[in-house]
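Thank you all for making time this morning.

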Amino acid sequence: MKEELRVKKIKDGTVIDHIKAGKGKKVLDILGVENGFPNVTALLMNVPSKTAGKKDIVKIENKTLRKKEVDKIALVAPHATWNVIKDFKVTSKSKIELPDLLEGIMKCPNPKCVTNMNEPVKSKFRVEDKEPVKLRCVYCERLFSLEDLI
Ligand SMILES: Nc1ncnc2c1ncn2[C@@H]1O[C@H](COP(=O)(O)OP(=O)(O)OP(=O)(O)O)[C@@H](O)[C@H]1O
Ligand SMILES: [Mg+2]
Ligand SMILES: [Zn+2]
């Protein structure tokens, strides 16, 4: 069955496609989709895919993604596709890639890190490994895995 037939087309919003099967829930977590989230949201899991076997897809009505959100999604769903939907059509499509440096996106889990002191220092992590993700805080130099950060 064509995937669009399972969920009604949306007029305006965002579709995150080609998420590795099983990671769709994490993408929802990153976008703050939980109790009280206002937008109509669909999570499709285990959709058959020509290239990846199975994939997850997230669709959110009337939502545009900020760069910070896209960078964070890249941590759990590298190579996913970010589609912008306007008037029922895909108006832009880009591949979500993990940047080498993540700035101001997540707090450093080290309570003694200078980024957690009162001075306004933006958090900064260098991506040391992509799969599985390992991030090193530029300030306290501690190495973290994804579970430590999200
Ligand atoms: N109006 C819409 N509402 C909801 N989902 C949509 C809408 N338009 C497209 N999509 C979904 O967005 C994704 C990208 O749509 P597109 O038409 O570009 O498909 P595609 O040609 O298979 O793209 P790709 O080459 O990235 O796999 C698909 O999962 C599609 O089902
Ligand atoms: Mg496709
Ligand atoms: Zn730190």
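What you see here is an open sheet of 5 strands, antiparallel in its pairing, and the order across it reads β2-β3-β1-β4-β5. The edges are taken by β2 (41-49) and β5 (89-95), each of which has a single partner strand, so one side of each is left without a neighbour in the sheet. If we ignore direction, neighbouring strands of this sheet are turned by 20° against each other on average. Please keep in mind throughout that this is a predicted model.

Within that sheet, strand β1 (residues 13-20) pairs with strand β3 (residues 53-61) in the antiparallel sense, over 6 bridges. To give one of the contacts with β3, V15 has K59 as its bridge partner there.

Let me move on to the aromatic side chains, where the count comes to 1 aromatic pair. Its rings belong to F125 and F144, and because their centres are 6.3 Å apart and their planes stand at 80°, where over 60 counts as edge-to-face, the pair is classed as edge-to-face. This pair links distant parts of the chain, since F125 lies in strand β7 (residues 124-130) and F144 in strand β9 (residues 143-145), 19 residues apart. Both F125 and F144 are buried.

Finally, the cysteines: how many disulfides does the structure hold? The number is 0. As for accessibility, C113 counts as buried because its relative accessibility is 1%, under the 20% limit, whereas C140, with a relative accessible area of 23%, is partly exposed.

Note on methods:
Residues are numbered from 1 along each chain as its sequence is written. Chains are lettered from A and ligands numbered from 1 in the order in which they are written. This is a predicted model: local features need pLDDT of at least 70, side-chain atom pairs count only at pLDDT 80 or more; totals for chains, interfaces and linings use all residues. Side-chain values use heavy atoms; hydrogens and water are left out. Rings of Phe, Tyr and Trp (its six-membered ring) pair if their centres lie within 6.5 Å; planes under 30 degrees apart count as stacked, over 60 as edge-to-face and the rest as tilted. Helices (H or I, at least four residues) and strands (E, at least two) are DSSP runs, numbered from the N terminus. Buried means under 20% relative accessible area, exposed over 50%, partly exposed in between (1.4 Å probe, protein chains only). A disulfide is a pair of cysteine sulfur atoms within 2.5 Å. Two strands pair if DSSP finds at least two bridges between them. Axes are lines fitted to C-alpha atoms, for helices over the stretch in contact, and angles run from 0 to 180 degrees between N-to-C directions.
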